[in-house]
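Trainee: Hey, could you walk me through this one? I'd like to get my bearings.
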Amino acid sequence: MNGFLFGFAAVAVLVAGLLSYLASSRPDGLDATTRRGCTVVQVDGNEELRGECIARNADDHALADSPLAGYTIDGDDRLTGVAGILGAAAAFAALFAVVRIIRAGRSNGTGGERVSNGAAESPEPESS
C-alpha cells in the first residue's frame, strides 16, 4: 500500500512539474466573470479596473506577496514547474501528516476493547 501511495505521489509531482508550464496566464472563468462590466487599464505600470464589476471590491490575498504566490517562485514565470512540484509535495506532506495522526489515534486503544489490569478484554455482550 505504501508503495502505491509513493508511486501516486511521484506521478502527481511529475505531472505538476510538467503540466504547470501549460497553464494559461489569462483569467479563468471565475476571474473573467467577476471582471464582466469592467475594463483593465495600465496606470503607472499597474493594472486598474474601470467600470462596474464585482472584481473592483476584491482585496489582495494576505499571502499575495509570498514567494510562491501566483504559481511562480518570486514572480519568475520560468519557475512555474518548480512551484508546481513544491505545491504538490506540500499537499502530500500534509496528507501524510494527517494520515499519521489518524493512525496514531487508532492505535491508542479506540478499537472497542476495554483494558483492565493491563489485559485486553472483549466488551460484554448486551443482554436482551
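Predicted model: local features only at pLDDT ≥ 70, side-chain atom pairs only at ≥ 80, totals over all residues.

Trainee: OK, which residues of α3 are buried?
Mentor: They are T80, G81, A83, G84, A88 and F92.

Trainee: And which residues meet between α1 and α3?
Mentor: From α1 you have N2, L5, F6, F8, A9, A12, V13, A16 and G17, and they meet G81, G84, I85, A88, A89, F92, F96 and R103 in α3. Contact here means heavy atoms within 4.5 Å. The residues of this contact divide into twelve nonpolar, four polar and one charged. Ala, Val, Leu, Ile, Met, Phe, Trp, Tyr, Cys and Pro count as nonpolar, Asp, Glu, Lys and Arg as charged, and the others, Gly among them, as polar.

Trainee: At what angle do α1 and α3 pack?
Mentor: About 155°, with their axes 7 Å apart. Axes are lines fitted to C-alpha atoms, for helices over the stretch in contact, and angles run from 0 to 180 degrees between N-to-C directions. So α1 and α3 are roughly antiparallel to each other, a label for angles over 145 degrees.

Trainee: What span should α3 have?
Mentor: Helix α3 has 27 residues (80-106), so at 1.5 Å a residue it should span 39 Å, and its end C-alpha atoms are 39 Å apart, which agrees. The expected span is 1.5 Å times one less than the number of residues.

Trainee: Switching topic, what's in the whole chain?
Mentor: Three helices and four strands, in the pattern α-α-β-β-α-β-β along the sequence. Buried residues make up 12% of the 128 residues.

Trainee: Where is D44, and what is its phi?
Mentor: D44 is in the loop between β1 (38-43) and β2 (46-51). Its phi is positive, about 55°, although it is not a glycine. Most residues other than glycine have a negative phi. D44 is exposed, with a relative accessible area of 78%.

Trainee: What about D74?
Mentor: D74 has a positive phi too, about 50°, and is not a glycine. You'll find D74 in the loop between β2 and α3, exposed at 64% relative accessible area.

Trainee: Last one: is I54 buried or exposed?
Mentor: I54 counts as exposed, at 57% relative accessibility. Its C-alpha atom is separated by 5.0 Å from that of T34, 20 residues apart along the chain.

Definitions and conventions: Residues numbered from 1 in each chain as written. Heavy atoms only, no water. Helix = DSSP H or I, 4+ residues; strand = E, 2+ residues; numbered from the N terminus. Buried < 20%, exposed > 50% of the residue type's maximum accessible area, 1.4 Å probe, protein only. Parallel < 35°, antiparallel > 145°, perpendicular 65-115°, else oblique.
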